[in-house]
Amino acid sequence: QYFVTPEQTIDWDGLTDTIFNAIRFLDNVIEVNEFPTPRLKEINLLTRRIGLGIMGWADMLALLGIAYDSDEALHLGSKLMTFITDNAWAYSQKLAREKGTFPLFNKSILDQKAPTRNSCVTSIAPTGSISIITGCAAGGIEPFYALAYHKNILDGDRLEEVNPYLLGFLNKENIKLSENEWKSINETGSIQNINRIPRYIKNIFKVANEISIERHIQMLTTFQQHVTNSV
C-alpha cells in the first residue's frame, strides 16, 4: 500500500530504495541474533540466508483497481516479485563486494554466478500480526479475509474493522450504505449481496472464500517462481 501513488501507479523507485535498505538490515541482523543453539548460529553465519518478503498484496491490488482473481493480478504479481528478487540479489552482490560473500558461496549452486553476500534473499511469510500493526488489510499475498468484522480485544471489548479501500471506493461513488447493509457485511464479510454496490467494486473486493481454489493456487505458484526461499 505504501508503494501505490495517488495516480494509481507503482512507485518502483521507492520500492527499490526500500529493498536495498531492507537487505542491508536483514544481513546485519544475522550478526546480532541470539540463536538457541551454537549449531544454528554456525549454519546461519555460513549461509547468511535472509528472507525479504511482502505484505498487503491484496491492498495494492485494491488501490490499483485490480481484481485479485484476474489474469492482470497474476501478471502484476509475477512482475512485482521478479523486480523485488532481482533487486535483492543486486544489493546482496553489492554487499559481497563490500563485506565478502557468505562462507559457503564456493560450495553452493551460486558459485557460477556473481558473488553474493547471502545464499537466499526472498521469502513470503503470512505476516498476520505485523500486517495489523502496519495497517495492512491483508497479510502476505492472501486475499482479503473479510471486508468488515469485529475484533475481540482485552476485557471483552470489540473493535469494528472496515476495509479502508472499500470505503474509498464507496465514497468515490457517493454511496452511503444503510445500517442494515453494514450489518449484512459484518455478518458475512462480503459485499456481493449489496445490490447498490457496482459490479466493478464487487469484482475488486472479493474475499477469500469467493475466489476459486484454482486462482488461490495460481497466485501462490506465480509468486513462488520468483522467491528464493518459499511462500
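**View 1. What counts as a pocket.** A pocket is an open set of grid points where a 1.4 Å probe fits, with protein on both sides within 12 Å along at least five of seven lines. Rolling a probe the size of a water molecule over the atoms shows where empty space is left. The model shown here is predicted.

**View 2. The largest pocket and its centre.** The largest pocket holds about 530 Å³ of space. Its lining is made of 21 residues. Closest to the centre are Phe3, Leu52, Gly53, Ile54 and Met55.

View 3. Four helices each supply at least two lining residues: H1 (12–32), H3 (57–64), H4 (71–99) and H5 (128–134). Helix H1 gives the most, with 4 residues. Sorted by class, the lining of this largest pocket has 15 nonpolar and 6 polar residues. No charged residue takes part in that lining.

**View 4. The second largest pocket and its centre.** The volume of the second largest pocket is about 430 Å³. A set of 20 residues lines this pocket. Nearest its centre lie Ile132, Cys136, Ala137, Ala138 and Tyr149.

View 5. Helix H5, strand S1 (148–152) and strand S2 (158–162) each give two or more residues to the lining of the second largest pocket. The largest share, 3 residues, comes from H5. Helix H5 also supplies at least two residues to the lining of the largest pocket. By class, the lining of the second largest pocket has 11 nonpolar, 6 polar and 3 charged residues.

Key
Residues numbered from 1 in each chain as written. Predicted model: local features only at pLDDT ≥ 70, side-chain atom pairs only at ≥ 80, totals over all residues. Heavy atoms only, no water. 1 Å grid on protein atoms, 1.4 Å probe; cavity = no way out; pocket = protein on both sides within 12 Å on 5 of 7 lines; lining within 4 Å. Points joined across faces, edges and corners; volume = space filled by probe spheres on them. Nonpolar A, V, L, I, M, F, W, Y, C, P; charged D, E, K, R; others polar.
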